[in-house]
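Please look through the sequence and the structure shown below. The briefing that follows takes them up topic by topic.

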Amino acid sequence: MSNTKNFYDPEVYDARAQGVPGDVEFFLGLAKDAQAAGHPVLELATGTGRVAIPIARAGVRVVGLDASKEMLAQAREKSSDLDNVRWVEGDMKAFELPEKFGLVFIPFRSFQHLLIVKDQIACLECIHRHLVPGGRLAIDIFNPDLVIMGQWLGAKRGGLQKRRDDYVSPKTEKLVKAWETRDYHQANQEVESTFIDEELNDDGVVVSKVYRGLRLRYAFRYEMEHLLARTGFEIEDLFGDCFGAPFGDTSPEMVFVARKPA
Ligand SMILES: C[S@@+](CC[C@H](N)C(=O)[O-])C[C@H]1O[C@@H](n2cnc3c(N)ncnc32)[C@H](O)[C@@H]1O
């Protein structure tokens, strides 16, 4: 039996997604600055609250916005004991909330779900409108790795590859073998992936296959800097990871911290 599913399944996500090393502490630090200035914080593409919930548990007022009802339902369930977090179903490129924030943040490369410049700009403009003067924006995206991307253009383009992260299904407790295919479309800087999860029975026979598609837009450093300048932000820092390392040639991430001018 095989079927095609949305990329994000809340149960599988919570069982598998580790996030970027150090990211919860990194965004918590920025959230505490906003709280100290008396402002709530907003996480866009919040998912199941992996980052937003620890921030709320630290006493910060948080709003988490996501496009997926299912992911938000899980976030709500995990935070039912908290009264300082609110979950909103919405699109990060077109939202209207009643309050202004001291920090808006987008962890775990979710900004890369926006596939065209018009949508990236619409998102950044929406954020700008929702920040208090002097408020901050923090975004973590991949630092495009040309060596890896070259493989998705060349030898590995579209071919079935074994992933290293086989896992035990949180639903059936059976072993799931993980595969993927990836294609890098250079003209629009987009990586198009299909993730294939094969569930095995106790005899090692494949009993189901789930296909999940994912498209991510890769942005380069100066492209992001132009986007931020174009939408009225001043860049405060660019880190190469979520531990605050300076950005460099081999940095895994690009973590931008920018300000709406006071
Ligand atoms: C990688 S998950 C990140 C979840 C959470 N921020 C974390 O770090 O664990 C990406 C999330 O982006 C959401 N998403 C994708 N496109 C979106 C959009 N246009 N507006 C709001 N959420 C979106 C998905 O529903 C998914 O929950």
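**Briefing on the model**

Strand S9 (residues 175-185) pairs with strand S10 (residues 190-200) in the antiparallel sense over 10 bridges, where two strands pair if DSSP finds at least two bridges between them, and where helices (H or I, at least four residues) and strands (E, at least two) are DSSP runs numbered from the N terminus. This is a predicted model, in which local features need pLDDT of at least 70 and side-chain atom pairs count only at pLDDT 80 or more, while totals for chains, interfaces and linings use all residues. Residues are numbered from 1 along each chain as its sequence is written.

**The open sheet**

- An open sheet of mixed pairing is formed by 7 strands, which follow the order S4-S3-S2-S5-S6-S13-S12.
- Its edge strands, each of which pairs on one side only, are strand S4 (85-89) and strand S12 (234-239).
- Neighbouring strands of this sheet are turned by 15° against each other on average, direction ignored; the axes are lines fitted to C-alpha atoms, for helices over the stretch in contact, and angles run from 0 to 180 degrees between N-to-C directions.
- Helix H4 (residues 69-78) packs on the sheet and touches strand S3 (62-66) and S4, with a direction that makes about 170° with that of S4; two residues are in contact if their C-beta atoms, placed from the backbone, lie within 7 Å.
- Helix H7 (residues 221-230) also packs on the sheet, where it touches S12 and S13, and its direction makes about 20° with that of S13.

**Strand S6 and its partners**

- Strand S5 (residues 101-106) and strand S6 (residues 131-142) run parallel and are joined by 5 bridges, with Ile 106 standing opposite Ile 139 in S6.
- From S5 the chain crosses through helix H5 (residues 117-130) to S6 in a right-handed β-α-β crossover, a term used if, with the strands pointing away from the viewer, the path from the first strand over the helix to the second runs clockwise.
- S6 pairs with strand S13 (residues 253-259) in the antiparallel sense over 7 bridges; in S13, Arg 259 is the bridge partner of Arg 136, and Ala 258 is that of Leu 137.

**Domains**

- The assignment for the protein chain, whose bounds come from an automatic or database domain assignment, gives domain 1 (10-144 + 219-259) and domain 2 (146-217).
- The centres of the two domains, taken over C-alpha atoms, are separated by 26 Å, and their contact takes 10 residues from domain 1 and 11 residues from domain 2.

**Around the ligand**

- Among the 19 residues around the ligand, those that come nearest are Ala 45, Gly 47, Arg 50, Ser 68 and Phe 108; a residue is near a molecule or strand if its C-beta atom, placed from the backbone, lies within 6 Å of it.
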